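Here is a model to read through with questions and answers. Each answer sets a value against a definition.

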Amino acid sequence: MTASRLDGRLCASAVENSLKVEVQNCMDSGVNPHLAVVIVGDDPASHVYVNNKVKACERLGIISTHISLPSNTTESELVTEIERLNADASIHGILIQSPLPKHMDEEGITDLISPSKDVDGFHPVNLGRLVQGRTDGMLPCTPAGVIEMLKWANIETEGKNAVILGRSRIVGMPMSLLLAAKGCDSTVTITHSRTQNLAEVCKQADILVAAVGIPELVKKDWVKQGAVVVDVGINRVEDLSIERGWRLTGDVDPDVAEVASWLSPVPGGVGPMTIAMLMINTINAAKSTI
Ligand code: NDP
């Protein structure tokens, strides 16, 4: 078996096309959706992510304000910036690009964003709603993007065994909640660094989502024949055979394609979907002000 490609670029482009009319509807009601993206420091990968988000806004006619602060910004200066953005009625979404410099409390900072502008979906109010099974609010973009991609490919989730590698606040845990929620109805197993016999647990999965951050951790013999495998990982590994000296790889060994029915590529899988979901959250935040 060679896995079909769970193509995040194609799916994200379909989502974006459906959003253009939504942006127009907002504008017709006198509201131009507006996203503020705040980045602190000079991490090159983070700047690439922010630029991709800004470009997606441009494609859709969403206003974006890109606020770039130096790495020596103090936490109280960042808090002041967030308070200013919270109070600005013309801004509908606020995104603080992760990771923040080490001297800042990233979770504490997230908590300060007004839940109605929390387009990353990380605020305790929005994550709390998800725990309650309310999936109609501001959902974390990466896991919501995975769900959208599964729907787009007509992959059945009801009654399936889903195994999630990773239990982070931003990917693994909300991914588990979304797959277990009414509507998706999977039977979910959450795994992490203390899980025993990880390979055997993974082998039970009809749907396997890897969000660990370890290059090519998931091997072919961890995966059941015909399983759907979603690779969330984005890892930069040295590759001296190409001019820039590095390449991106996921958490899943590419050989998994020999046994899986579907496999999402890295890059071009979950990454573009994360941005598409950010656009949805921003438009929904704008719509809620009409
Ligand atoms: P975190 O580091 O926050 O979480 C990693 C999780 O993996 C933790 O729960 C950890 O367990 C678990 N883990 C670590 N080692 C192992 C192991 N050997 N076996 C099983 N579980 C393990 O990472 P994130 O969730 O933020 O990100 C995960 C990956 O996804 C990264 O590569 C990141 O770059 C990528 N990512 C991609 C996005 C996209 O848009 N495509 C968006 C966000 C992230 P424990 O809790 O016990 O420490």
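Helices (H or I, at least four residues) and strands (E, at least two) are DSSP runs, numbered from the N terminus. Residues are numbered from 1 along each chain as its sequence is written. This is a predicted model: local features need pLDDT of at least 70, side-chain atom pairs count only at pLDDT 80 or more, and totals for chains, interfaces and linings use all residues, while side-chain values use heavy atoms, with hydrogens and water left out.

Q: Where is Ile234 placed?
A: Ile234 sits in the loop between strand 8 (228-231) and strand 9 (235-238).

Q: Why is Ile234 called partly exposed?
A: Buried means under 20% relative accessible area, exposed over 50%, and partly exposed in between (1.4 Å probe, protein chains only). Ile234 has 43% relative accessibility, so Ile234 counts as partly exposed.

Q: How many disulfides are there?
A: A disulfide is a pair of cysteine sulfur atoms within 2.5 Å. By this rule the count is zero. Cys57 is in no disulfide: the nearest cysteine sulfur, that of Cys141, is 11 Å away. Cys141 is in no disulfide either, with the sulfur of Cys57 as its nearest, 11 Å away.

Q: Why is Cys57 called buried?
A: Its relative accessibility is 0%, so Cys57 counts as buried.

Q: What makes Cys141 buried?
A: Cys141 has a relative accessible area of 4%, and therefore is buried.

Q: Which domains divide the protein chain?
A: They are domain 1 (30-114) and domain 2 (141-271). The bounds come from an automatic or database domain assignment. Taken over C-alpha atoms, the centres of domain 1 and domain 2 are 28 Å apart.
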